[in-house]
Amino acid sequence: MALFGNAHSIDPAQAQQEYARLLGHGEQVHAAYLLIRDTILFTDRRLILVDKQGITGKKTEYHSIPYRSITHFAVETAGTFDLDAELKIWLSGSQAPIQKTFTKGVDIYEVQAILTQFVAR
């Protein structure tokens, strides 16, 4: 599954409120990124990918990925001509990574540190 677009960070407290119906009891959003219409949530329990579908974006698919399902991940920093950074996440049982592209305004090292914190538990 490859998902593309440019992301920027959003306030975790705002994401906590907006997506409260998706969260389990006591689950906390630690970081969130808005990707044009889609959203990436890093909670203390899992990674949630919110995928808006269709022209109107009224249909939404929610991917819940427990951190234990992540076998490995990679980050690619922005370059001189390629101004976007990229995150790739491989899940157990899947050969193709999930791909997310972040604008220059997002600290890709911060995203990597968040994943490291939860995946390495």
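**Nonpolar cores, a strand pair and a buried threonine**

The largest nonpolar core comprises 21 residues, and those with the most contacts inside it are Tyr33, Phe42, Leu47, Ile89, Phe102 and Val111. At least two residues of this core come from each of the following elements: strand S2 (29-35), strand S3 (38-43), strand S4 (46-53), strand S7 (85-91), strand S8 (98-102) and helix H2 (108-119). Helix H2 gives the most, with 5 residues. Another core, of 9 residues, lies apart from the largest one and includes Tyr19, Leu23, Ala32 and Val50. The model examined here is a predicted one.

Strand S4 also takes part in a pairing with strand S5 (residues 59-66), in which the two run in the antiparallel sense over 8 bridges. Within this arrangement, Arg46 stands opposite Pro66 in S5. The hairpin of S4 and S5 has 5 residues between the strands, and Gly54 in this hairpin adopts a positive phi near 75 degrees.

Thr43 belongs to strand S3. Its relative accessible area is 0%, and Thr43 is therefore classed as buried, the cut-off for that class being under 20%. A polar atom of the Thr43 side chain lies 3.0 Å from the backbone nitrogen of Arg45. When neighbours within four places in sequence are left aside, Thr43 is in contact with Leu23, Glu27, Gln28, Val29, His30, Ile48, Tyr67 and Phe118.

Notes: Residues numbered from 1 in each chain as written. Predicted model: local features only at pLDDT ≥ 70, side-chain atom pairs only at ≥ 80, totals over all residues. Heavy atoms only, no water. Core = buried A, V, L, I, M, F, W, Y, C linked by side-chain atoms within 4.5 Å. Buried < 20%, exposed > 50% of the residue type's maximum accessible area, 1.4 Å probe, protein only. Helix = DSSP H or I, 4+ residues; strand = E, 2+ residues; numbered from the N terminus. Pairing = 2+ DSSP bridges. Polar contact = N/O pair within 3.5 Å; in protein donor to acceptor, adjacent residues only side chain to side chain. Contact = heavy atoms within 4.5 Å.
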